[in-house]
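User: I am new to this structure. Please take me through it in short questions and answers.

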Amino acid sequence: MERLQSPDVRGIAPNPPVLAKGYTYDAITEKISDLSLNPKLTRGWLGGFSIAITLAGCMVVAIIHLLFTGVGIWGNNQPVGWAFDIINFVWWIGIGHAGTLISAILLLLKQNWRTSINRFAEAMTIFAVACAGLYPLLHTGRPWLDYWLFPFPNSMGVQQQFRSPLLWDVFAISTYASVSALYWFVGLIPDLAVLRDRAVKPVARKIYAILALGWRGSAQHWRRYRIAYLVLAGLSTPLVLSVHTIVSFDFAESLIPGWHTTIFPPYFVAGAIYSGFAMVLSLCIPLRKAYGLEGFITARHLNNMAKVMLAMGLVVGYGYAMEAFMAWYSGSPHEMGMFINRTTGPMAWSYWALIACNIVIPQTLWLRRARRSTLWLFIISIVVNVGMWLERFVIIVTSLYRDFIPSSWHTYVPTIWDFAMFFGTIGFFLTLFFLFIRYVPVISIAEMRELSHEVEHGHH
Amino acid sequence: MQNDNQTSNRKALDNPSFTEHLANKTGRQYWRGLEEIAETTEFREMVDREFPEGASEWLDPVGRRNFLKLMGASLALAGIGACAKQPEEKIVPYVKQPEEFVPGKPSFFATAMPLRGYATGLLVESHLGRPTKVEGNPDHPASLGATDAITQASILGLYDPDRSQTVLSRSRIASWDSFKTAIAAEVGAWKAAQGTGLHFLTETISSPTLADQMRQLMATYPNAVWHQYEPAGRDCVREGAKMAFGQYVETTYRFDKAEVIFSIDADFLLTMPGSVRYSRDFSTMRRTAGEVKGMNRLYALESSPSVTGAVADHRAALAPAAVEQAAWAVGAALGVPGVSAQGSSPAVDALGKAWIPSLVKDLQAHRGRCVVVAGDEQSPAVHALAHAMNAALGNVGTTVVYTDPVEANPTNQAASLGALMQQIDSGKVDTLVVLGGNPAFTAPADLKFAERYQKVRLRIHAGDYNDETAYLSHWHLPLSHYLENWSDARAMDGTVSIVQPLVAPLWDSKSLHEVVSILNGTPSATAYDIVRAYWQGAKSAPAPAAAPTPGDSTAAHAAPAAMNAGPVASIAVNGDFERGWHQALYRGIVAGSALPPKSPTLNGGWATAAAALLAATPAGADAFDIVFRVDPMLLDGRFANIGWLQEAPKPLTKLVWDNALLVSPATAKQRGWKTEDVVEVGYKNLTVKVPVWEMPGHADGCGTLYLGHGRTRSGRVGNDVGVNVYAIRTSDAPWRAAAATANKTGDCYLLVTTQTHYSMEGRDIVRHGTLAEFMANEKFMEERHHEPEIVSLYKEHTYKGHAWGMAIDLTACTACNACVVACQSENNIPVVGKEQVNNGRAMHWIRIDRYYEGDAAAPAQHFQPLPCMHCEKAPCETVCPVGATVHGEEGLNEMVYNRCIGTRYCSNNCPYKVRRFNYLLFSDLDTPSFKMMRNPDVTVRSRGVMEKCTYCVQRINSARIEAKKEGRMIRDGEVVTACAQVCPTEAITFGNINDKDSRVAKAKKSPLNYALLGDLGTAPRTTYLTKLRNPNPELEKGA
């Protein structure tokens, strides 16, 4: 166990702590639960929330227009049947990955630095999956028939076609969404009980009481809680790998040059984790600043997350390199054409921007100074998020818009409704996140107390 | 409410009571005061009496809707109409059902579509009395079972809700009765004046009955004058024949006997009348699918790229003047008497080194088996030269057949129209009756037709649209569609077809026969009676003095004698008229009515006259010439309101919903233009602004403009689409404006195509080789494109029973678009409009890809029709999550629209990108007349559903029912897809590949057969036959 060297969270100590010194159980509880129970209506929160909910309103308008007019309001065409809809879907799903990875895999690996970030990372996962889920449901030509994707007894002759990766997607995403939500909720129970006990307002107390499911903190509760939590962690762990693997099958199973690639599953998972960590950073850096949580989310956390990002970035870089290599090695004029077109064609800007965002700029993370600079980390996290969005753009659009038969080549131009929907889901995500910050402990109180004990006294 | 200057005429023309009622009111007051007026009983009475037939519109949901839409000005009247209680309607079922009338089973009727004076024989499919699909009549010489795209689209023309629906008097709704009443007084006056001041303007007429009626009309009004004008007319052909032979003759070509063809800018495969038949004959001599007996060889000179040039073995792109010089050089080299080379230019000199000598040698080696064809747009001198060359090569009577003209009254139409204008100026025209056509839009700009037309006291227009001319007329009379009324017409070889209607007029229209009959003082005759009476020969037709045809005094004499007495051919069989009539209706042709061949002799002095004419045409070396051509889809603009044709990509540019100034890339570069730059083209003080389109293979130093765009009153579809280039087309330069100006304006204009990329990128897409290579080694293509064997881990599925497949012969395809439009008609495919095409959402189930190869100045052009490949291992099927696209047991890749939720994954995964998605509600589900047009055997797709070529599964199923009833397999040829059926060159073969004797199975056995993207392992059922060319070995190395 690391020893605490300095209370200075921004200190240059080689190994900063996972929890600043001086936090007692009470202090932890006070600090975190106060955010939920006695939230100050700060100008920052109010401003951010207004922007977020305005954008979410855009999304609602975009969805209503979509339902009444059809997917033709977007820029999708023949041959580019999928564009912003699936780009954003994959992007959001990828973002969700960090939450599961942090809370499940790092839990199993007993990485105690995960404790202070897992709660909102998990929340981020759920919100991201909610945003992601909107796209496949809305991108169909007849969204009111989406329920045909689920196996249900019917007399219409509607039957699912299990060879289609889209159907695998349906199960992968719905499993992922439900397990993530359950996991998050189970983890919340002790904290909800804390809020119930500390809440003054009767309504809040009532709601927290219902949600706390009668938690009393008895040893028996803790024992069962621990088991349930670990089981769910165990369930979530394969999901981290499976969900994005299956999402990647949407592409890998097809025969379109640029999609038909065996490297996609690991490459997609790495990309997902990459973007997920970037999003966690993008969210936690302003959060810890705004709410003074530097003591809980320390430089150590940022440093570790930067390292994960760097590693994942390299895996993704390997993926890009292999795509290039296979284009050449396949000897297929179509594969080669795809790669040349990506790198030199009319949409080459997207490829090179992607390389810059995902490969070149994040290399600065090799420098400790870069990993210690919250500003730089924040910038990089945004850059990587943009890069990962571009990656999906490159994979989906630049593969489709020029495939086998040149006569069918046709460019793709997004419409205002594509952007309305995209920024709308960002707004929706942020709206949920702002509400989360306000009503739910953003950091696990129970686990932080545990951590503080561990930090003070070492492992039991 | 149209023009104040017409007020003075109003009393004379309108129903008096109506006129009096409104005489003291201006338009504004009229509308404002409507409610008060409507309260009065007189007004109600007047409306009832004035619009007895209009009133029936309110009962008819078709009529009512469009009536409302189109007659915006009559909105207020509509309010009155809606107040009236609708009478009860009785529905009466068949008490005794006609024997052949089975609901759900279509019947076919033979008829013919007249266009520009020539008929194409058709068999039209009718579902419960509604014509739904046009097919060619295999017995008809101009069709042989095929049609072109325009004929296919005529069915949409029939149901076009913008077609003129009611008689208009000064743009106000009137009735036939009111017209008849009004005109009765005029008829008396005309008769009294012997027709002085009465002028008729018609299009080219070949209908024997109409010709006879016109003759009677001229007999009734001896001083009346009959003018003719066809905007894309064949004046040059007529005058060329006259120059060569001293008389008008009809020239038809027998490409099925021609081994070497020299085309002087002749687009005989697409826009020349007779192109459907010519395409068939041409491809017969090029067919390689069966046993290879050799191929014809086509040499083409042209300025503006045409599909004929695109399939030529040797093509030279020359500016218009150089085309003439080159033709003369060929004529001189052939040793045509009296011909010596005329002028020279570097381009022609370059051709003179090898091209022309090789051509001449080839022609001379094929005396009597070659043909020289001059384009309709070439000057009379070139036509005369072509006649002389054909005579010198011994082609007359073998590959070139001369007959009397098919048209009733051949004349120089430009002169005829010019004379009309002069007489208007001199005040001699009191009444002008425009019988068909739209001269206000199409007349040469220098004649200022619209301006002069309005100087005429009484202007009557009969036409199928309330168009530019109708707007300027006192009376507009709606003409019936050819599928709505009786008529007759002649094919290019003179064969007569009776045009029988498939449906009663949808709206209140009459045929031209009836209109002429009204003008002739017999207002009650029906078209049926008129046509029958003519063929019965009942009319004693006194041969009048031939109609005075101003502008060309000899024209009248050239009218064939046959036109002057009785029917042009006997329809009776063994003296039995009824039997003969029925047979003619049944077969669609009058047997033995083709004109006999004749052999006119060349005028001695033709060469001098031709040379003089050539010298008169300015041929500046550096000048920018404008070449006018009919639009390959819209022709002269009469089809502008037909969405199928607007959206059918033009064969070479793939442009839709627009025209452009087509120029070569070199010319564009030299002048600093780019595609979509707007330039102002000027000719003789006339200007028009038009966007540029860089077109590889265009001759340098000139530009092409397609006619037919920029209509202002064609209807909702065609208005303001493209640029009206008639604005700079003058009567002295109908096809070629020499020394025009063209300057960049700095503006930009979006041009939309269905194909944005024209290179094959070195991929194995269109395979092509030469006949010589093939003769040397049949399997040369297979050896060149080695394909790895595709091994599957699974046991291959065997198809028992039928296995449907298609073979497309790339040698034969001329990119005429007939299949594209036929498919659209058969399969209820919607039109999406320019914006959606630009978005990449065109819906055609079959597309014709066009690729360029080689030098941009003289590229090779390849066409590839691409329907669904119906892969045996279809990538689309495995990815659909809801099983909406599945494999049929006969190998069809089937779409289940009801199951489709629209994920579009199938389309993404289709390597051929043949799937089409309804991104929006593209089908027009509201317009009632379109509901009648649709094929009831094919689902109309709604928004959010994927669709694609089905191999016309509805046709397979209807054949299957017949076969099952007889307990047998479906025979070869029993199922023909719409694209295969319509193809003029029979490039598409469809059938059961399990039947070894079927034509498609045989085609697929050819060593030229290959699967597109076969290395993907999709095992497509649609395969291609390698394109073969037959270049002259002297001109092309390795050929």
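User: What share of the contacts in chain A between residues at least 6 apart in sequence join residues at least 24 apart?
Analyst: This is a predicted model, in which local features need pLDDT of at least 70, side-chain atom pairs count only at pLDDT 80 or more, and totals for chains, interfaces and linings use all residues. Residues are numbered from 1 along each chain as its sequence is written, while chains are lettered from A and ligands numbered from 1 in the order in which they are written. Two residues are in contact if their C-beta atoms, placed from the backbone, lie within 7 Å. For chain A, the share of such contacts that join residues at least 24 apart is 81%.

User: How many helices and strands does chain A have?
Analyst: Helices (H or I, at least four residues) and strands (E, at least two) are DSSP runs, numbered from the N terminus. Chain A comes to 15 helices and zero strands.

User: What is the radius of gyration of chain A?
Analyst: The radius of gyration is taken over C-alpha atoms, and the globule rule is 2.2 Å times the number of residues to the power 0.38. For 460 residues that rule gives 23 Å, and chain A is close to this value, so it is as compact as a globular protein of that length. Along the principal axes, the C-alpha trace of chain A spans about 70 × 55 × 40 Å. The radius of gyration of chain A is 23 Å.

User: Is A:Leu239 buried or exposed?
Analyst: A:Leu239 lies in helix α7 (residues 219-252) of chain A, and its contacts beyond four places in sequence are A:Thr100, A:Thr175, A:Tyr176 and A:Val179. A residue is buried if 20 or more other C-beta atoms lie within 10 Å of its own, exposed if 12 or fewer, and partly exposed in between, with C-beta atoms placed from the backbone. Because A:Leu239 has 22 C-beta neighbours inside 10 Å, it counts as buried.

User: How many residues does the largest nonpolar core have?
Analyst: A nonpolar core is a set of buried Ala, Val, Leu, Ile, Met, Phe, Trp, Tyr and Cys residues joined through C-beta atoms within 7 Å. Those with the most contacts inside the largest core include A:Phe277, A:Val280 and B:Ile264. Leaving aside residues up to four places away in sequence, A:Val280 touches A:Ala98, A:Ile117, A:Ala121, A:Met124 and A:Met305. The number of residues in the largest core is 435.

User: Which residue of β14(B) is the bridge partner of B:Leu201?
Analyst: Strand β14 (residues 431-435) of chain B has five of its five residues buried. Two strands pair if DSSP finds at least two bridges between them, and five bridges join β14(B) to strand β6 (residues 198-202) of chain B, running parallel. From β14(B), B:Leu432 and B:Val434 point the other way from B:Thr431, B:Val433 and B:Leu435. The bridge partner of B:Leu201 is B:Val434.

User: Which residue of β15(B) is the bridge partner of B:Leu432?
Analyst: β14(B) also pairs in the parallel sense with strand β15 (residues 458-463) of chain B, over five bridges. The bridge partner of B:Leu432 there is B:Arg459.

User: How many residues of chain B are in contact with chain A?
Analyst: On the side of chain B that touches chain A, α34 (875-879), α35 (905-908) and β33 (916-917) each supply at least two residues. In contact with 41 residues of chain A, the number of chain B residues is 43.
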